[in-house]
Amino acid sequence: MKKKLNEDLNSIANDTMEFLNEIADSYPSAISLASGRPDSRFFDLEKIDYYINTYISFISETQKKPLNALFSSLGQYSEASGIINEIVSKYLLVEYGLEIAPEDLLINVGTQESLLISVLTLCSKNDDVIIVEDPCYVGIKNYALIAGYDVSGVKLNADGMCLESLEKKILKFQEIGKHVKVVYVVSDFQNPSGIRMSVEKRKQIIELADKYDFFILEDNAYGDFCFANKMYPTLKKLDKYRRVIYLHTFSKLIYPSVRIGVMVADYRFEDGSKLSNQLKKVKGYTTVNTSSINQAIIAGILIDNNFSLKKYNEKKIENLREKKILTLDALHKCFRTNNEEWCKNVKWNDPEGGFFMVIDLPFDVTEQDVIDCAERFEVIFTPMSFFQLDEINKKNIRIAYSNIKEDNIIIAVERLYNFFKNKIENGKTKY
Ligand SMILES: Cc1ncc(COP(=O)(O)O)c(C=O)c1O
């Protein structure tokens, strides 16, 4: 057979994840400032049995069912929408004050599946457009492109998506007969920028959703990792029109291999029917159901912690805050305590939470730079251009401080500094 595959695969020819994984494999001694993974030192896998037992005992007691039958049911196919919806509904109430009926929840294979199901259910390939932040998390952008949907970016300001640009874009698409059906936002500590959306903008985008008839996909992968005194209300909490589909994941809060995400969709159509029923139908034909065993682990953790993960994650969040401060200190030491002219134009943000920060540079950074830096200076970073759609700015990079050991931070930042210094001194770049 000739190699003729889905032509839309070409639209993700620059596969960011594959590229970064290859670099990490090729240069194993390089320290990674590119990996946005959670820190595995905090995973409590040794307690899996205990958590499954906690869940089974809880259900046996509350629903008066025999333990044996409950155990064997974990090996069976199960409800497409999930088996732990009541427990998760209680968690959403206790932890976030969200009042969501269990039937408006889907327990999915991580947020990635929630994104896929949302797009497949809501969007028509011919008529609809998906808007994302630019720069944006690659999981939605690349899935939508492979599947042949129209995706368009709206620039991200320091306080979240630029809503004037969003409105202009909606009207521009209207002129050519296209409807913006979905707007995807990571409102808290966005990947890749670390930015969080202001409360004012949260309220405004909800009004725009009602005015222009679109759904908001709120991906809250990082909201719990807040270093500031105040967490902002989620869009879902402010959602008076039920147009926010809220995506929660346990990948960062617990561990990613458990592959459990929660999708909250309480929208009702004009005829009174539920959006969640349509989503459930699509879920049934994508992954059939999410692993019951993995759902049981999550439910056990929630029950064991009285439906709040705040205490469970206290140390994790404190450690992340400490690593962010160490990264800022290292950047200051390397780029501020000497008088080199080019260093004055190196700037970075100080995110109030999450896993990522951005460094602005006075020169362009290319893919070849990532390779050179890994090979000769033994540190890996991600150019922000990897996450961009329309607005290509090659002068900034993403730094992930989530999965690096504390002692390695200063070493990694010094290596980065040396790489940039070398690039400038060799006259390879102007600044
Ligand atoms: C913004 C964002 N959403 C979703 C995910 C993936 O979530 P999950 O592991 O639940 O599929 C990531 C992972 O990096 C992410 O950065």
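Residues are numbered from 1 along each chain as its sequence is written. Because the model is predicted, local features need pLDDT of at least 70 and side-chain atom pairs count only at pLDDT 80 or more, while totals for chains, interfaces and linings use all residues; side-chain values use heavy atoms, with hydrogens and water left out.

I begin with the ligand.

Which side chains make polar contacts, that is, pairs of N or O atoms within 3.5 Å, with the ligand? Tyrosine 222 has a side-chain N or O atom 2.6 Å from a ligand oxygen. Threonine 249 places a polar side-chain atom 2.6 Å from an oxygen atom of the ligand, and for asparagine 191 the corresponding distance is 2.8 Å. Taken alone, the ligand exposes 390 Å², of which the protein buries 90%, by the Shrake-Rupley method with a 1.4 Å probe.

I turn now to the salt bridges. The whole structure contains 30 of them, each a side-chain nitrogen of Lys or Arg within 4 Å of a carboxyl oxygen of Asp or Glu. One of them joins glutamate 79 to lysine 280, with the closest N and O atoms 3.3 Å apart. This pair links distant parts of the chain, 201 residues apart: glutamate 79 lies in the loop between α3 (67–73) and α4 (85–96), and lysine 280 in helix α9 (residues 275–284).

Definitions and conventions: Polar contact = N/O pair within 3.5 Å; in protein donor to acceptor, adjacent residues only side chain to side chain. Helix = DSSP H or I, 4+ residues; strand = E, 2+ residues; numbered from the N terminus.
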